[in-house]
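Hi,

Here is the structure I promised to pass on. Please have it open while you read, and my notes follow below.

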Amino acid sequence: MDGDLRRHEHTDTAAALEDAADRIAEISRADLQIILRRAALRLRNASAVSMEDDVEDALRGLAGEFGMTRNDAIRFIVQEWMEKNTYLPVHNLDEDGDVDGNA
C-alpha cells in the first residue's frame with residue numbers, strides 16, 4: 001500500500017509539472033511555487049542506488065537493450081527477483097490472455 005501511495009504521489013507530481021509547463025502563461029505564481037517545491041522535495045529525498053562498476057555497466061547495457069531507464073531496470077529486476085523467491089505474489093497469466101510474445 002505504501003509503495004502504491006508513493007507511486008501515486010510521484011505520478012501526481014509529474015503530471016502537475018507537465019500541466020504547469022503546458023499552461024505556463026496561465027498558472028499562478030503561488031501554484032507554480034507549490035509544484036516546484038514538491039518536485040524539489042521529491043528530488044532531495046530520492047536516494048540513488050550505487051553499484052560496483054561492473055554491475056553498473058551491465059545494468060546500463062540491460063536498460064538500453066530493453067529501452068528502460070536505469071532506475072526502471074532496477075525496479076524490474078528487484079520485482080522479478082522478489083516474485084521468483086516468493087516474497088511477492090506471482091502474476092498468473094490467463095491462458096486466453098494476451099502475453100505480448102512472453103509466456
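How many aromatic pairs does a search of the whole structure find? The search finds one. The partners are Trp81 and Tyr87, and their rings are stacked, with 5.4 Å from centre to centre and 15 degrees between the planes. Tyr87 counts as exposed because its relative accessible area is 55%, and the cut-off for exposed is over 50%. Please keep in mind that this is a predicted model.

Next, helix H4, which covers residues 70–84. Which residues of H4 are buried? They are Ala73, Ile74 and Glu83. Helix H3 is included in what covers these buried residues. After H4 comes Thr86, which has a positive phi, near 60 degrees.

Helix H3 itself takes in residues 53–66, and Val55 is found there. Is Val55 buried, exposed or partly exposed? Its relative accessibility is 38%, so Val55 counts as partly exposed, the class between under 20% for buried and over 50% for exposed.

Best wishes

Key: Residues numbered from 1 in each chain as written. Predicted model: local features only at pLDDT ≥ 70, side-chain atom pairs only at ≥ 80, totals over all residues. Heavy atoms only, no water. Helix = DSSP H or I, 4+ residues; strand = E, 2+ residues; numbered from the N terminus. Buried < 20%, exposed > 50% of the residue type's maximum accessible area, 1.4 Å probe, protein only. Expected span 1.5 Å × (residues − 1). Contact = heavy atoms within 4.5 Å. Phe/Tyr/Trp six-rings, centres within 6.5 Å; stacked < 30°, edge-to-face > 60°.
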